[in-house]
Amino acid sequence: MITYQAGFLQEKSSSICLIAQKQASILDIYRTMEMIMPDILAFCSKSVSVYELPHYGKAIDWAKKPRPEGSWQICSEILHDVLRSSGNFLINSVYVSLEIQAEVPFLAEYQYLVTHYTPFSENHHVDWILNTLQSSYYTVRRNFSEHYHNTYQTMEKSFSILANLYPGIKSSGNCTFTWDAGWGWDLLHKKISRKLIEKIGTGIYSAGTLLPSEACLMEEYKVSLSTIRKSLKVLQASGFIETINGRGSIVQPPERWRFTSMINRSDYHQDIFIYLSALQFIPFLIRSSADLVYTHLDAAVQDELQKRFHQYPRNYLKVWTDYIIAHVPLYSLKVILEQVNKVLNWGYFYSLYPIASQLLRKLNKFGERAFKCLQTGDREGYVNGIHDGYLYLFKEIRSYFIQNGYFQAQMLKLPKRV
């Protein structure tokens, strides 16, 4: 069991100094939670009854206590129960990282011993969370929007008090946040194979041409020869290349791509599931991110976007996503979006040819709709165009996998259009 070390109780504690210096990062994380968690919790709350949550009984006992100290722990446990009920491990993994790096134990409770201020008087408690989770989708979303907004404001107040108590300690102003969507599962050779599939799917390596030599790939990706050969075997098994002794690996035309032949191979089930999990997760991230960058989309940026659409005519949605990631102002949200997009990497999508070629035309229409709304000043239409594109993509890919025998995809439900 890991316990929180309250070293800050010492005068001029280094722990307090470190937390105060991380003010920019911590507030960025709370702002990110305010942006993405209401939609996620509203969606996940419909996957399970509160009475079935593992920590429901403990939460009821806590709700009866006259003093709220320590309730942040059970509140956190309830929210993690709800997030896990979605079946998407990426969602709960993100929230774990957000909580850890937001210094929740100190700011939610232990700071009182230093600042004599506690957010409990201004934030909701476990009984409120349980009641909210039993409400309608839109009520859950609205209540948690207010909750996370209030939480962000109390954290600002906490840092203001700390600044007055310790005027010599200044925030570094730098934002840091780490989260790895592929931690613990993503083998190096599979990462490289997805990158190569990405380049084939986007036409960087066109049909009939040779991939770079094994020596060149070793140098490019800084890996061993055995890793490169494992990566090439993945591409060969899915029909992207044909390796001929004495010549090298020849890129094959789309009609030979056959990822479906790998669906029934158990060693690829984990890859498929994390790919689908990322597809389900990204609509929750892209809505908030697209809205945040809207004010940056002036006439000059619109001209640049049009150029990119011409450069990458096969996938407008990918162009939108790359631009949004580059300009989203919240650092922690950018990291999360980058990691989820890295898992997608569009590699598996291109390998689903011919369904990919059919979906690309539809996806481009969503991208075009978003751009037209942007040009006319329709902010909501622009956001919905990008968001709906990802909803449609997940719906179609999920259905495709189920039809081809990968029934585990049924665990991941379709997100609701807000």
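Q: In strand 2, which residue is the bridge partner of Thr243?
A: The bridge partner of Thr243 in strand 2 is Ser249. Ile241 has its own bridge partner in strand 2, namely Val251. A word on where this comes from: this is a predicted model, in which local features need pLDDT of at least 70 and side-chain atom pairs count only at pLDDT 80 or more, while totals for chains, interfaces and linings use all residues. Residues are numbered from 1 along each chain as its sequence is written, and side-chain values use heavy atoms, with hydrogens and water left out.

Q: What makes strand 1 and strand 2 a pair?
A: Two strands pair if DSSP finds at least two bridges between them. Here four bridges join strand 1 (residues 241–244) to strand 2 (residues 248–251), so the two strands meet that definition. They run antiparallel and form a hairpin with three residues between them. In the turn, Gly246 has a positive phi of about 90 degrees.

Q: How many helices and strands does the chain come to?
A: The chain comes to 19 helices and two strands. The radius of gyration (taken over C-alpha atoms) is 24 Å, close to the 22 Å that the globule rule gives for 418 residues, so the chain is as compact as a globular protein of that length. That rule is 2.2 Å times the number of residues to the power 0.38. Helices (H or I, at least four residues) and strands (E, at least two) are DSSP runs, numbered from the N terminus.

Q: Why is Cys44 called buried?
A: Buried means under 20% relative accessible area, exposed over 50%, and partly exposed in between (1.4 Å probe, protein chains only). Cys44 has a relative accessible area of 0%, so the residue is buried. Of the 418 residues of the chain, 53% count as buried.

Q: What makes Cys216 partly exposed?
A: Its relative accessibility is 44%.

Q: Why are His116 and Lys222 called exposed?
A: His116 has a relative accessible area of 61% and Lys222 has 62%, so each passes the cut-off for exposed. His116 sits in the loop between helix 7 (112–115) and helix 8 (126–133), with a positive phi near 60 degrees. Lys222 sits in the loop between helix 11 (214–221) and helix 12 (225–237), and its phi is positive too, near 55 degrees.

Q: What makes helix 15 largely enclosed by the rest of the structure?
A: Nine of its 12 residues are buried, so helix 15 is largely enclosed. Among those buried residues are Trp320, Tyr323 and Ile324. They pack against several helices, including helix 10 (188–201), helix 16 (331–344) and helix 18. Helix 15 reaches 17 Å from its first C-alpha to its last, close to the 16 Å expected.

Q: Why is Ser288 called buried?
A: Ser288 has a relative accessible area of 7%, so the residue is buried. Ser288 lies in helix 13 (residues 269–293). Not counting residues up to four places away in sequence, Ser288 touches Met35 and Ile36, where contact means heavy atoms within 4.5 Å.

Technical notes. Expected span 1.5 Å × (residues − 1).
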